[in-house]
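Hi,

Here's the model I promised to pass along.

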Amino acid sequence: MKLIYSLLILLCLYQNVKAQSIRKSYLEMTEYEKIELVDAFYELRNGPDLFNDLAVFHSQFFNFDNTIDPTRLDLHFNLPDEPEREIFLAWHRRQMFEMEQAVQNINPKISLGFWESQSDQALDSPLWNEDFIGSFDVNWNLRRNLGNNGPLPTPNELSALYNITNFFEFSNELERRNVHRGAHVWTGGAMPTPLSPRDPIFYLHHTFVDFVWHNWEETHHNSLFLATSMLRYDGTYIFNGETLPAVNPNDIIDTRSLGVFYGTNGVANLNNYIVSNTFRPQEYFYYQYLIEVGNNFVVPNESNCRIESMNEINFLPGFEAHAGSNLLATIDTNTSLQRTSKKAREIKPYNFDKNINATIIWEEDNKDDTPIIIDTYPNPFTEKITIKLNKKTNCTVGVYNMMGGLIREEVFENTNTIIINNLYGLSTGFYVINVVDTQGNIILAKRVIKM
Ligand SMILES: [Cu+2]
């Protein structure tokens with residue numbers, strides 16, 4: 001066990017230390033971390049109940065039929081039809097952060113752990129132990145039905161995602177297929193319903209989805225949302241007396257913007273980050289294995305940061321701690337003690353209201369080649385409109401008014417860029433563009449606005 005560091009400055013410790021996080025597989029969490037995470041979940045459930053608040057919000061805005069109210073946004077399945085509304089990955093990232101902050105208000109050392117569902121599929125996996133996530137099933141009346149409703153993803157399904165280069169295609173494939181869908185349907189109970197955030201496994205699953213997006217982005221550097229605001233995180237939502245800040249989804253494409261890092265296979269790299277204490281008076285990074293700090297990890301003057309491992313912390317070239325910064329690096333020897341869970345567990349089950357039975361209609365997992373729209377612009381349009389598809393196709397494009405009247409029809413051959421010109425003459429308002437394949441099936445329908 002060695003500890004190498006260029007600077008170790010011990011200064012004030014805030015009384016209420018709060019963390020940023022190194023997230024890891026729950027299999028890499030210490031017993032202490034697991035017990036404390038479970039306890040924090042019980043404490044949150046006992047009130048004010050963030051689980052219920054997130055679940056109710058998530059179900060209210062789950063997937064809204066926006067032909068009824070085109071101004072209203074929703075959280076899921078906007079792709080491939082309406083990329084300008086797409087916020088699935090960013091919204092759930094911010095949701096994980098909200099839950100993690102709530103957990104850290106209870107214990108600043110704890111972060112969310114993730115469930116790698118492409119490899120961890122046994123019914124007797126430690127994930128479902130009564131001391132861990134198994135504990136909630138009966139106590140919270142979640143009615144899980146492990147393994148009976150659909151498959152978890154295969155390792156190949158996961159690696160196929162990493163090979164996609166277009167962001168919207170990646171997001172769409174991730175959301176609709178088994179890497180995301182699998183854990184929802186496989187777990188059963190609340191998980192395949194819009195109230196899924198009531199089940200703690202939701203957070204271990206969506207932290208995994210977030211980890212997959214993080215890995216993809218680190219490779220492709222290609223994430224971009226057309227939407228600039230998000231429900232709940234639009235600066236108006238109040239939970240427990242606090243107004244949640246407005247978040248532009250494009251501002252959280254890098255997990256570092258939230259102070260979040262991922263450790264895997266025994267190594268956590270802290271890099272390209274400036275400690276700012278934006279969220280926390282002390283940023284606290286804990287990982288029981290090797291932590292390597294370098295490559296533009298900066299602790300500026302007057303900032304406050306704590307890095308803690310049970311084994312080894314390496315400060316590498318590129319790491320900077322400026323004069324006047326408060327940096328504490330420690331090897332933790334206490335948390336290997338097996339703590340007995342507090343479990344101040346007043347059992348407070350959910351009422352199994354009818355919402356919980358409103359099962360999500362998951363798309364069939366057909367691997368067909370239906371093209372998807374990756375961009376439509378401008379929208380609103382004035383003179384012409386361009387539709388970019390993810391692949392070349394033969395198709396007929398029809399422009400319809402809202403009464404269903406056909407206004408324009410054009411045939412396109414072997415193209416992924418559809419341009420419809422000379423639209424000056426249309427009156428302002430909504431129109432629908434249909435893209436029809438050579439068999440006459442509508443493969444895309446898209447609502448657009450004439451200005
Ligand atoms: Cu969701």
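This is a predicted model: local features need pLDDT of at least 70, side-chain atom pairs count only at pLDDT 80 or more; totals for chains, interfaces and linings use all residues.

Numbering starts from 1 along each chain as its sequence is written.

The axes of α1 (residues 31-45) and α3 (residues 88-106) cross at roughly 100° and come within 9 Å, so the two helices are roughly perpendicular to each other. On the α1 side, the contact (C-beta atoms, placed from the backbone, within 7 Å) is made by Leu 37, Ala 40, Glu 43 and Leu 44, and α3 brings Ala 102, Val 103 and Ile 106.

Now α2 (residues 50-60): its buried residues are Phe 51, Leu 54, Ala 55, His 58 and Ser 59 (buried is 20 or more other C-beta atoms within 10 Å of a residue's own, exposed is 12 or fewer, partly exposed is in between). Down the axis of α2 they fall within an arc of 125°, so they line one face of the helix. Their cover includes α1 and α3.

There's also an open sheet of three strands, ordered β3-β2-β6 with parallel pairing (strands pair if DSSP finds at least two bridges between them). β3 (113-114) and β6 (260-262) are at the edges with a single partner strand each, so one side of each has no neighbour in the sheet. Two bridges join β2 (residues 21-25) to β3, and Ser 25 stands opposite Phe 114 in β3.

Cheers

Methods. Axes are lines fitted to C-alpha atoms, for helices over the stretch in contact, and angles run from 0 to 180 degrees between N-to-C directions. Helices (H or I, at least four residues) and strands (E, at least two) are DSSP runs, numbered from the N terminus. Angles under 35 degrees count as roughly parallel, over 145 as roughly antiparallel, 65 to 115 as roughly perpendicular and the rest as oblique. Two residues are in contact if their C-beta atoms, placed from the backbone, lie within 7 Å. The arc is that of the directions from the helix axis to the C-beta atoms.
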